[in-house]
Amino acid sequence: MRKGIAISAAAALAATAVLAAPADAAVPRRVPGPDGVTIEIATVNGSGCPEGTAAVAVSDDKEAFTVTYSDYMAVTGGSSSPTEFRKNCQINMKVHVPQGFTYAIASADYRGFAYLQPGATAMERASYYFQGMPQTTAISHTLEGEYIDNWQFTDENDVAQLVYKPCGEERNFNINTELRVFRGSSDPAKTSFISMDSTDGSIQTTYHFAWKTCPPR
């Protein structure tokens, strides 16, 4: 008898929760990427991406885009100059999408190579925001020496925290990345570096879209 009462009570609570939840409380409906998406680079600025060293391409399935760097490296120690320990790159882009769709950045995959002496550390940091909007997501990752290998970091945004471009508005999307390497207690005569630029010449950083449909105007 108690078992039946418990089941009935659970069912009643579930029904009450469904009735009480407003329709707008549902997670935004994710949809496949639409055809016709193009990305146009507005500006590329920073010590980590001199002119002609960064390029952007959209994947065939419209679910991601990649930024390729060929000269993005922070260095400390040895004969490096004091300003080389930090490099950054800000890319301002126009993402053109078909009417009725909008997007957010769901995740990003960063790859590179690091050569860190014992006692040295390095950091990769990225922030994402739409022009004119206060919401900014910034995520950092660190490496500790001794480290001589490729590295990969993934930034993931919770579905409930995704920041979508307002429907019907033209707002450029900004990606600001930064690499830093700190000598720490390592031998100052020896070089340490971190690069978003692999040993075979260049590397692709992949950004994954989250799409949703806009309400009818």
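Me: Two strands pair if DSSP finds at least two bridges between them, and a strand is a DSSP run of E with at least two residues, numbered from the N terminus. What is the strand order of the open sheet here?

Reply: This is a predicted model, in which local features need pLDDT of at least 70, side-chain atom pairs count only at pLDDT 80 or more, and totals for chains, interfaces and linings use all residues. Residues are numbered from 1 along each chain as its sequence is written, and side-chain values use heavy atoms, without hydrogens and water. The 5 strands run in the order E2-E6-E11-E8-E9, with antiparallel pairing.

Me: What makes E2 and E9 edge strands?

Reply: Strand E2 (38-45) and strand E9 (137-144) each pair on one side only.

Me: How do you know that E6 and E11 pair?

Reply: Pairing needs at least two bridges, and strand E6 (residues 86-96) has 8 with strand E11 (residues 173-182), so they pair, in the antiparallel sense.

Me: Why is the link of Cys49 and Cys89 called a disulfide?

Reply: The sulfur atoms of a disulfide lie within 2.5 Å. Those of Cys49 and Cys89 are 2.1 Å apart, so the name applies. The torsion about their S-S bond is about 100°, so this disulfide is right-handed.

Me: What makes Cys167 buried, partly exposed or exposed?

Reply: Cys167 has 34% relative accessibility, so Cys167 counts as partly exposed. Its disulfide partner is Cys214, which is buried at 17%.

Notes. Helices (H or I, at least four residues) and strands (E, at least two) are DSSP runs, numbered from the N terminus. Buried means under 20% relative accessible area, exposed over 50%, partly exposed in between (1.4 Å probe, protein chains only).
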